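Hi everyone, thanks for coming. Let me put the structure up on the screen, and then we'll walk through it together.

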Amino acid sequence: MIDIDRIRADTPATSRLAYLHNAGSALMPMPVASAMKRHIDLESEIGGYAAADREAARLDMVYGSVARLLNAASDEIALVENATVAWQMAFYSLPLAQGDRILTAEAEYAANYVAFLQVAKRTGATIDVVPSDATGELDVGALERMIDERVKLIAITWVPTNGGLVNPAAAVGRIARTHGIPYLLDACQAVGQMAVDVEAIGCDMLSATGRKFLRGPRGTGFLYVRRALLRQLEPPMIDHFAAPWVARDSYQLRDDARRFETWENNYAARLGLGAAIDYALDIGMDPIEQRCRRLADRLRSGLASVRGVTIRDLGRAPGAIISFTVEGFDADAIVSSAAAAGITIGASDPASTRIDAEMRSLPPLVRASPHYYNTEAEIDRLIGHLANLAPR
């Protein structure tokens, strides 16, 4: 269902690298780079303002591309500099106060958790961590039991940065909807490797990046906010794009999600993001998800047979992030050794998911993240490289 030869031809670096670091920053296909280069060339020829005016229709189409990717409406989408800004704009818009409770998961990402800590320090809100079940996924039954009238936010990471885990996002959404609690979903590592439907998930807010599995440029991200919640939220920071200055002493927030944006933007990067999303949608998110899972399963199965390798993944159906350790080697040494062999992988520090890492006594982990443009031969190449390492 996927024309791998065409896709790899669109990704020239695959001819010289086994690139398995897509959870960090994936390789952009040529149409994405071309979209950005064309706009940069246009800016150099006629200036940034005129270039944006000329490309206004194409720039506006990016909102529609994100909306189609998420099964949302265009007016529920904001385009921002990165996923952290997207998540922060949503989180800091919520009016949390003394005694309010934030429920999150054990594998929550560091950038999000430190924001919880800051708001708890400022307001007196509390952070409660929902325990995991026997598989390592967020325990949906425990979440249900923790709900009371003081819970004002459920915020989890769908696919954490390590551990291969895919949390039960839709089951969490059903609970949030039942109790009328805002639900913020960090989908950074999910978007681009699996189908995402905000209606099926039931989240009120979702943040994501362009640079990971979407294969877009760095410096791009987006925020989805459900229309029913949108107009209840005032962003923590605004400018005259988000909130036009309508009179000497007043401003008026926009009616759409662009109230979370600012006036100045990197338009070349936005066009690259749109091209990346359109590229993925043209292939089809279901075929992409199926291939990602097949390649990830092949890598896990192969690693399980390598002496000294311990797979550190969690969950009933892990995604395309494979975390492991190699006896006698630290994570950075494995990453460097693989790089010398033409294989690009990454590492995950315990500080990025501190609660999970402390509970499981995890050291820094090696992280390999295949994508649909990878081949079975590249997966086997990494397995063979690890199998051939001299024991220490």
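So, to start: how many bridges join strand S3 to S4? Five, with S3 covering residues 101-105, and the two strands run parallel. One example is Thr-104, whose bridge partner in S4 is Val-129.

Quick housekeeping. This is a predicted model, where local features need pLDDT of at least 70 and side-chain atom pairs count only at pLDDT 80 or more, while totals for chains, interfaces and linings use all residues. Residues are numbered from 1 along each chain as its sequence is written, and side-chain values use heavy atoms, with hydrogens and water left out. As for names, helices (H or I, at least four residues) and strands (E, at least two) are DSSP runs, numbered from the N terminus. Two strands pair if DSSP finds at least two bridges between them.

Okay, the sheet. There's an open sheet of seven strands with mixed pairing, in the order S2-S8-S7-S6-S5-S3-S4. At the edges sit S2 (77-80) and S4 (126-130), each pairing on one side only. From one strand to the next, the twist averages 20°.

For the angles, axes are lines fitted to C-alpha atoms, for helices over the stretch in contact, and angles run from 0 to 180 degrees between N-to-C directions. H5 (residues 83-91) lies across S2, S3, S5, S6, S7 and S8, at about 165° to S7. H6 (residues 110-123) lies across S3, S4, S5 and S6, at about 145° to S4.

On to charges. A search of the whole structure finds 21 salt bridges, meaning a side-chain nitrogen of Lys or Arg within 4 Å of a carboxyl oxygen of Asp or Glu. One of them pairs Arg-316 with Asp-133, at 3.2 Å, N to O. Those two are 183 residues apart: Arg-316 is in the loop between S11 and S12, Asp-133 in the loop between S4 and H7.

Buried or exposed: which is Arg-316? Exposed, at 57% relative accessibility; the cut-offs are under 20% relative accessible area for buried, over 50% for exposed, and partly exposed in between (1.4 Å probe, protein chains only).

Another salt bridge joins Asp-313 and Arg-300, at 2.5 Å, N to O. Asp-313 is in the loop between S11 and S12 and Arg-300 is in H12, so the pair ties together parts 13 residues apart in sequence. Both residues are buried.

Terms used
Contact = heavy atoms within 4.5 Å.
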